[in-house]
Amino acid sequence: MGPVESRLFELSKKRPLCFILIDSESLEYDSASNMAKKAEELGADAILVGGSSVIDQIELDGVVASIKASAKIPVILFPGNITGISAKADAILFSSLLNSENPYFITQAQALGALYVKKHGLEAIPMGYLVIGEGSSVWFIGRARGVPMDKPKLAVMHALAAKYMGMRALYLEAGSGVHSSVRPEMVTAVRKNFDGLLLVGGGIKDEHTAVSLAKAGADVIVIGTLFEEGMYDTVGRIINGVRSLTRN
Ligand code: 1GP
């Protein structure tokens with residue numbers, strides 16, 4: 001484990017964490033900088049930089065550099081494709097979309113991006129990425145065969161596969177901006193079978209939902225849309241609610 005992963009993993013043993021996802025596409029550097037300051041001020045534990053159709057890596061480098069210059073918390077890439085990698089970040093969620101029907105998203109994009117990650121010494125956090133439900137952008141672009149929301153056992157099967165393949169993190173993704181987030185029952189079932197870092201995101205819009213998911217065993221709650229829409233009061237309540245839970 002590299003330093004960012006170790007730090008987050010250790011912290012997650014004490015309390016659940018909250019990450020803010022910033023979509024790097026068409027983001028002015030000043031806005032990126034302000035968003036980073038705001039995320040840190042609200043108490044986020046890390047900033048994820050993502051975007052499912054990033055095409056301008058020069059712009060991405062600028063966005064990541066602006067975020068890094070404005071916040072002390074780790075800046076972690078959450079790429080949707082090989083164009084989402086920047087040497088300026090602290091680490092990368094090096095993910096395989098476990099339930100994609102297109103091998104490109106399972107191992108090929110990873111192979112195409114691997115030498116860049118090595119060349120720039122980016123800390124890679126090996127992660128299984130599992131799309132839950134249907135109809136989101138990631139579901140469509142990633143050609144995912146979405147795990148039905150009410151079938152926790154199917155999520156558990158993938159979680160065990162991720163564990164046996166050596167992945168130290170797992171992300172249960174309902175998709176950005178969706179109406180319904182992953183259900184706590186699914187998180188509980190996965191938690192019993194996966195002891196790595198468990199991230200849950202997509203469609204989390206209120207403190208009650210976020211806290212229920214963290215209580216069910218999520219180590220990290222990821223918030224994107226609410227933050228992007230400037231709903232800072234709600235995001236602040238979510239972060240405080242999640243961070244105030246303790247782990248035994
Ligand atoms: C998307 O899970 C994240 O990858 C965040 O989702 O934008 O719905 O918060 P939201």
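Let's start at a helix pair: α6 crosses α7 with a right-handed sense. Keep in mind as you look around that this is a predicted model. Two packed helices are described by the angle between their axes and the distance between the axes. Here, α6 covers residues 152–164 and α7 covers residues 184–191, and their axes cross at roughly 35° and come within 9 Å.

From α6 you'll find Pro-152, Ala-155, Val-156 and Ala-159, and they meet Glu-185, Met-186, Ala-189 and Val-190 of α7. Sort these contact residues by class and you get seven nonpolar, one charged and no polar.

Now hop over to another pair, α2 (residues 29–42) and α3 (residues 57–70). These two pack at an angle of about 40°, and their axes are 8 Å apart. The crossing of α2 and α3 is right-handed. On the α2 side, the residues in contact are Tyr-29, Ala-32, Ser-33, Ala-36, Lys-37 and Glu-40; on the α3 side, they are Ile-58, Glu-59, Gly-62, Val-63, Ser-66, Ile-67 and Ser-70.

With the helices done, turn to the ligand. There are 13 residues around it, and the ones that come nearest are Glu-173, Ser-176, Gly-177, Gly-203 and Thr-225. By class, that shell splits into eight polar, four nonpolar and one charged.

As for cover, the ligand on its own has 300 Å² of accessible area, and the protein covers 96% of that.

Key
Residues are numbered from 1 along each chain as its sequence is written. This is a predicted model: local features need pLDDT of at least 70, side-chain atom pairs count only at pLDDT 80 or more; totals for chains, interfaces and linings use all residues. Side-chain values use heavy atoms; hydrogens and water are left out. Axes are lines fitted to C-alpha atoms, for helices over the stretch in contact, and angles run from 0 to 180 degrees between N-to-C directions. Helices (H or I, at least four residues) and strands (E, at least two) are DSSP runs, numbered from the N terminus. A crossing is left-handed if the near helix is turned anticlockwise from the far one by less than a right angle, and right-handed if clockwise. Contact means heavy atoms within 4.5 Å. A residue is near a molecule or strand if one of its heavy atoms lies within 4 Å of it. Accessible areas come from the Shrake-Rupley method with a 1.4 Å probe; for residues, only the protein chains shown count as cover. Ala, Val, Leu, Ile, Met, Phe, Trp, Tyr, Cys and Pro count as nonpolar, Asp, Glu, Lys and Arg as charged, and the others, Gly among them, as polar.
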